[in-house]
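Subject: Structure handover

Hi there,

Here is the structure I promised to pass on to you. Have a look at it first, and then read on for my notes.

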Amino acid sequence: MGNERPHYYGKHGTPQKYDPTFKGPIYNRGCTDVICCVFLLLAIVGYVAVGIIAWTHGDPRKVIYPTDSRGEFCGQKGTKNENKPFLFYFNIVKCASPLVLLEFQCPTPQICVEKCPDRYLTYLNARSSRDFEYYKQFCVPGFKNNKGVAEVLRDGDCPAVLIPSKPLARRCFPAIHAHKGVLMVGNETTYEDGHGSRKNITDLVEGAKKANGVLEARQLAMRIFEDYTVSWYWIIIGLVIAMVMSLLFIILLRFLAGIMVWVMIIMVILVLGYGIFHCYMEYSRLRGEAGSDVSLVDLGFQTDFRVYLHLRQTWLAFMIILSILEVIIILLLIFLRKRILIAIALIKEASRAVGYVMCSMLYPLVTFFLLCLCIAYWASTAVFLSTSNEAVYKIFDDGPCPLTAKTCNPETFPSSNESRLCPNARCQFAFYGGESGYHRALLGLQIFNAFMFFWLANFVLALGQVTLAGAFASYYWALRKPDDLPAFPLFSAFGRALRYHTGSLAFGALILAIVQIIRVILEYLDQRLKAAENRFAKYLMTCLKCCFWCLEKFIKFLNRNAYIMIAIYGTNFCTSARNAFFLLMRNIIRVAVLDKVTDFLFLLGKLLIVGSVGILAFFFFTHRIRIVQDTAPPLNYYWVPILTVIIGSYLIAHGFFSVYGMCVDTLFLCFLEDLERNDGSAERPYFMSSTLKKLLNKTNKKVAES
């Protein structure tokens, strides 16, 4: 039985041979992929240098507090703008650029003002009216009315037009539907002022609409923040419930794996069935109500998501999605019913392994902590880089001037030699950025920041996978379980991974990070090409995105199994990846029968925990539990805490089940290695437990039947 070798073994490497000295993870090993380790250390040093440079030049206060074109904060005590807390933009159209999100600045002159404009005025009409004193407060400080209209607008001393605006986050955003001045929408959009004159400002209105989109998004963000402030306590309770359910589920799997798996399957089907029933009841209840038959397309995007719950089409869509999911799961269960019985045996063995290495359940906390450090460093560096831009002023002159386009200082320019050389020249705001090499390299530094984040995050995940694989491999290759199990298998595996295989982990993480940064660049290019009408370019971009998505999934799969081989044998990354891939290919039938079925069962376990906690959160935050009906906080959007609890519950459940998943994958590879090394005889006994021996008999029967 154990000596049978399929005919395709030769195509996928040579099977492992019997080695009487092999007793599990090799302790006498050497360092692997040292060059990659050196590259990682150098990259980290460079990353720290980039962070220090960014922290030196950037100012994160610009994210919260607005600054004018000269870099002075609005409303800060002890400054000349102390009584001017709001920021006013001369040309709001330029604030609709996507680069504003990256630079936190609009490429237009901006000044601090006491209050936002509350009326519509043009500079041309205000100049010859009593409103000019009001208008002047929105001109640059120190403005003197000693120029012509064209010169004032050319030099950027005053905005061409004022429109009613509302302050948000201390910034003035236009109110499209203003009562002062009539907004006309026809073949072209115009405003009419109090003097009967018209001005074509289609571009301004389009830019204002986009800016109002930002305004509505920020209002939505503020309402969401308010919901978090009153519901955070209950959100934490929901996440604690999810953690307790996950831990209880794992403990029950340790003793009642078979029963728990079937209970889990039935509960998932029941939870989805209730979801379908609830959607149908809501769909029926809205029948005949006014406005409930409006389609989602006609309604469009609304920041108040509660509006969608009053549409029958919304509940119909939910019901269809849940029904499709229910049918898919039932069909999979019908076709995989025999294989599920086999997978349960593997889960039982994984439960025993986790039970003997119980501290492995706490290791996701280490991974979570290290990932939080990576995210915090990346986010802070990105913010400091984004706030490093400065206002750049250039010399402009309509006549021949050798200093045109040279950088200047608007405060010292009037008394400088440049102004004497070119009397008609003016020092005018040009753009946000900088003239130094650092400012020209900002985009590259942002890309490097994102790349290093991917590399370090993947390295942290790889370290966790190798550590868990080493601990669970020690369990499998212990001939007398648990007597031959090392004293501290998890800590020993962690020490071996850092001491000998930092380079290999860096190598695998580097390959994955390169693919991920390419995907980010493709997404960026796709956003830039959305306005293009070139169908071939769109088709090519879609194909590239799909190919690199598939490549990322394959590399993750290959890395995971390579890390298991590294934990066992201590070989370098390429050798481990090749051996793992060939081992799986030599046993492709068993891979299809067992490995993926267990992944499916773990997915059902996550859905059960998430669905249960999600339903409980839904009934609580919608005041449908009578016992605690008055306890639930009042909310703007009750979906905010519900969605947070659902996402958090999934992450918590994923953290617990990831340990189980790594255990199953490790035991499965060790199981395949055991089959190739040994034959079950007294001279070459199997290391597998009695449970896995039964599993072997069942899989051999299925192979013979096929």
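C139 is buried, with a relative accessible area of 4%, and C158 is buried too, at 3%. These two cysteines form a disulfide, with their sulfur atoms 1.9 Å apart. The torsion about their S-S bond is about 110°, so this disulfide is right-handed. The pair links distant parts of the chain: C139 sits in the loop between α5 (132-136) and α6 (149-155), while C158 sits in the loop between α6 and β4 (161-162), 19 residues apart. Please keep in mind throughout that this is a predicted model.

A search of the whole structure finds 3 disulfides, so let me go through the others, given that a disulfide here is a pair of cysteine sulfur atoms within 2.5 Å. One of them joins C74 to C112, with 1.9 Å from S to S. The torsion about that bond is about -75°, so the link is left-handed. C74 lies in the loop between α2 (61-64) and β1 (86-89), and C112 lies in strand β2 (residues 110-113), so the bond ties together parts that are 38 residues apart in sequence. C74 is buried at 0% relative accessible area, and C112 is buried at 5%.

C116 is joined to C172 by a disulfide as well, at 2.0 Å from S to S. With -85° about the S-S bond, this link is left-handed. It connects distant parts of the chain, with C116 in the loop between β2 and β3 (121-122) and C172 in strand β6 (residues 171-174), 56 residues apart. Both C116 and C172 are buried.

C31 is in no disulfide, and the nearest cysteine sulfur, that of C37, is 7.9 Å away. C31 counts as exposed, at 54% relative accessibility. The sulfur of C547 is 5.7 Å from the closest cysteine sulfur, in C546, which is too far for a bond.

Now for the charged side chains. The whole structure has 13 salt bridges. In one of them, R352 pairs with E349, the closest N and O atoms being 3.3 Å apart. Both residues lie in helix α11 (residues 337-356), 3 residues apart, about one turn of the helix. E349 is buried, with a relative accessible area of 0%, whereas R352 is partly exposed at 29%.

E673 and R677 also form a salt bridge, with 3.7 Å between the closest N and O atoms. They are 4 residues apart in helix α21 (residues 639-677), about one helical turn, and both are buried.

The side chains of K545 and D526 meet in a salt bridge at 3.0 Å, N to O. This pair links distant parts of the chain, K545 being in helix α18 (residues 535-569) and D526 in helix α17 (residues 502-528), 19 residues apart. K545 is partly exposed at 24%, and D526 counts as buried at 18%. Elsewhere, D118, R119 and D131 are linked in a network of salt bridges.

Last, the surface. Helices α7 (202-255) and α8 (257-285) each supply at least two of its residues, and α8 gives the most, with 5. L247 lies in helix α7 and is partly exposed, with a relative accessible area of 35%.

Best wishes

How values were computed:
Residues numbered from 1 in each chain as written. Predicted model: local features only at pLDDT ≥ 70, side-chain atom pairs only at ≥ 80, totals over all residues. Heavy atoms only, no water. Salt bridge = Lys/Arg side-chain N within 4 Å of Asp/Glu carboxyl O. Buried < 20%, exposed > 50% of the residue type's maximum accessible area, 1.4 Å probe, protein only.
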